[in-house]
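The sequence and structure come first.

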Amino acid sequence: MITQSIHHPTSPYAHGNIEHYNALGWLFKRCTLLLPTEDRLTLISSTFSQMPCFKLEECTAAGCLGFYGYGVFLKTMISGWGEVEWHRVFNFLCSFTNLLPKIKMAVTGTPGVSCSLELQLRLFCRQVLLDPWPWKDTLFWLTRILKPWPMVLQARLLVILYGPLLPDSTLAWQGIVEREMSHSALWQMASVIGLLYSNLDHLTDWTTDTMQTILEELIVFPEVWHMKNVARLFVLCGDTVCYSFLANKLHNGQLLEVSRLIVHIILVCEKNGYSMNMVVRMVHQVCQGFNTSERFAFIQRLEDMFSEVTMELIEIVTAGNHHEGTGPFQTLRSLLQSSAHFHAKFLHMFHQNE
């Protein structure tokens with residue numbers, strides 16, 4: 001009953017295999033309609049346990065479609081079930097795959113040492129539980145996966161699930177620390193952070209403070225991220241997440257760190273063609289929370305940071321160290337352009353609000 005030719009994702013039969021799992025899901029759904037949930041799950045277990053492709057760390061074939069097919073089957077099988085039954089499904093999957101001990105091993109170990117386990121966890125969680133569903137249902141499965149762990153480990157788990165990958169499909173743990181990553185490399189992580197933030201009113205175990213802590217842990221693991229990666233992540237997360245993060249830091253007196261991050265957000269917007277209006281609105285919103293003297297101090301610190309970052313780049317350029325990324329000279333040029341564009345829009349906004 002279980003299709004076994006699933007090790008060739010580029011073959012003309014791959015699409016047919018996936019359709020097979022959809023049809024199999026409907027067959028199981030109809031044939032077990034009168035059975036209790038526990039009995040239905042037991043039947044799934046007895047059937048899918050016959051092949052290593054549906055178990056964590058038991059299939060070594062590159063590009064195996066086992067998890068993807070399992071996800072298609074499961075989505076078809078349990079669509080329309082209530083949330084209580086979905087909880088039972090998650091507990092069943094944890095037992096069937098020994099999921100939680102394996103996650104613990106990955107998130108408490110040294111990043112990259114167990115790269116095969118990290119990739120297996122990513123593939124299983126993404127292809128079986130997260131990716132097959134629309135966002136509102138993805139949220140349910142994501143919170144089930146994250147909930148057992150303290151916030152510092154939730155941050156690490158988010159990187160395993162949604163962090164950037166190297167060409168060999170291992171996680172870019174050092175890449176995110178040492179060099180600038182692309183828009184596409186950080187987009188998935190930003191999207192899932194936005195998903196959590198936008199549903200805080202409906203989540204009992206996550207609050208704005210919880211998410212603040214997770215983000216704080218995220219951008220310093222395994223070491224402090226490259227500043228442009230931090231900036232790009234927050235640009236991709238959007239206004240609400242970015243403003244919440246910066247406002248919390250300002251409340252805790254971290255003016256220097258906030259100023260540096262804002263300068264790099266402005267730089268990223270210029271270099272990648274993102275709208276400068278977002279960062280202008282955000283800085284204006286931050287200013288609204290200050291009295292006159294505090295507002296002046298904040299703006300002065302921001303201007304000083306523009307000067308500091310500019311001088312840092314000038315020193316690199318004059319020293320001839322042109323081995324970084326797209327080149328310090330190009331970055332310096334973008335910084336000067338971004339400064340001009342930001343200040344023009346910022347002054348225009350103040351003029352309109354007079």
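Predicted model: local features only at pLDDT ≥ 70, side-chain atom pairs only at ≥ 80, totals over all residues.

Contact here means heavy atoms within 4.5 Å. With that cut-off, and leaving aside neighbours within four places in sequence, Arg179 is in contact with Leu166, His226 and Asn229. Arg179 sits in the loop between α9 and α10 (183–198). With a relative accessible area of 41%, Arg179 is partly exposed.

**Confidence and overall fold**

The mean pLDDT of the protein is 87, and 92% of its residues reach 70 or more.

The protein has 17 helices and zero strands. Taken along the principal axes, the box filled by its C-alpha atoms is roughly 70 × 45 × 35 Å. Of the 354 residues, 50% count as buried. When contacts between residues at least 6 apart in sequence are considered, 69% of them join residues at least 24 apart.

**The pair α13 and α15**

Two packed helices are described by the angle between their axes and the distance between the axes. For helix α13 (residues 239–251) and helix α15 (residues 276–288), the angle is about 35° and the axes are 10 Å apart. The crossing of α13 and α15 is right-handed. On the α13 side, the contact is made by Asp239, Cys242, Tyr243, Leu246 and Leu250. On the α15 side, Met278, Arg281, Met282, Gln285 and Val286 take part. By class, the contact of α13 with α15 has seven nonpolar, one polar and two charged residues.

**Cysteines**

A disulfide is a covalent bond between the sulfur atoms of two cysteines. How many disulfides does the structure hold? The structure holds zero. A disulfide would need a pair of cysteine sulfur atoms within 2.5 Å. For Cys125 the closest cysteine sulfur, in Cys94, is 8.5 Å away, so it is too far for a bond. Cys125 is buried, at 1% relative accessibility. Cys287 is likewise in no disulfide, and the nearest cysteine sulfur, that of Cys242, is 14 Å away. Cys287 is buried, with a relative accessible area of 0%.

**Backbone features in loops**

The peptide bond that joins Phe221 and Pro222 is cis, with omega about 5°. Pro222 is placed in the loop between α11 (208–218) and α12 (227–237).

Glu57 has a positive phi, near 65°, in a residue other than glycine. The location of Glu57 is the loop between α2 (37–48) and α3 (66–78). Ser169, also a residue other than glycine, has a positive phi near 75°. Ser169 lies in the loop between α8 and α9 (175–178).

**Two serines in helices**

Ser259 belongs to helix α14 (residues 255–272). Not counting residues up to four places away in sequence, Ser259 touches Arg301, Leu302 and Met305. Phe306 is 47 residues from Ser259 in sequence, and the C-alpha atoms of the two are 8.5 Å apart in space. Is Ser259 buried or exposed? At 0% relative accessibility, Ser259 counts as buried.

Ser198 is in helix α10. Ser198 and Ile214 are 16 residues apart in sequence, and their C-alpha atoms are 15 Å apart in space.

**Accessibility of selected residues**

The table collects the relative accessible areas of several residues discussed above.

| Residue | Relative accessible area | Class |
|---|---|---|
| Ser198 | 57% | exposed |
| Arg179 | 41% | partly exposed |
| Glu57 | 40% | partly exposed |
| Ser169 | 33% | partly exposed |
| Cys125 | 1% | buried |
| Cys287 | 0% | buried |
| Ser259 | 0% | buried |

The classes rest on cut-offs: buried means under 20%, exposed over 50%, and partly exposed lies in between. Ser198, at 57%, is therefore exposed. Glu57, at 40%, therefore counts as partly exposed.

Methods: Residues numbered from 1 in each chain as written. Heavy atoms only, no water. pLDDT = per-residue confidence, 0-100. Axes fitted to C-alpha atoms, helices over the stretch in contact; angles between N-to-C directions. Helix = DSSP H or I, 4+ residues; strand = E, 2+ residues; numbered from the N terminus. Left-handed = near helix turned anticlockwise from the far one by under 90°. Nonpolar A, V, L, I, M, F, W, Y, C, P; charged D, E, K, R; others polar. Buried < 20%, exposed > 50% of the residue type's maximum accessible area, 1.4 Å probe, protein only.
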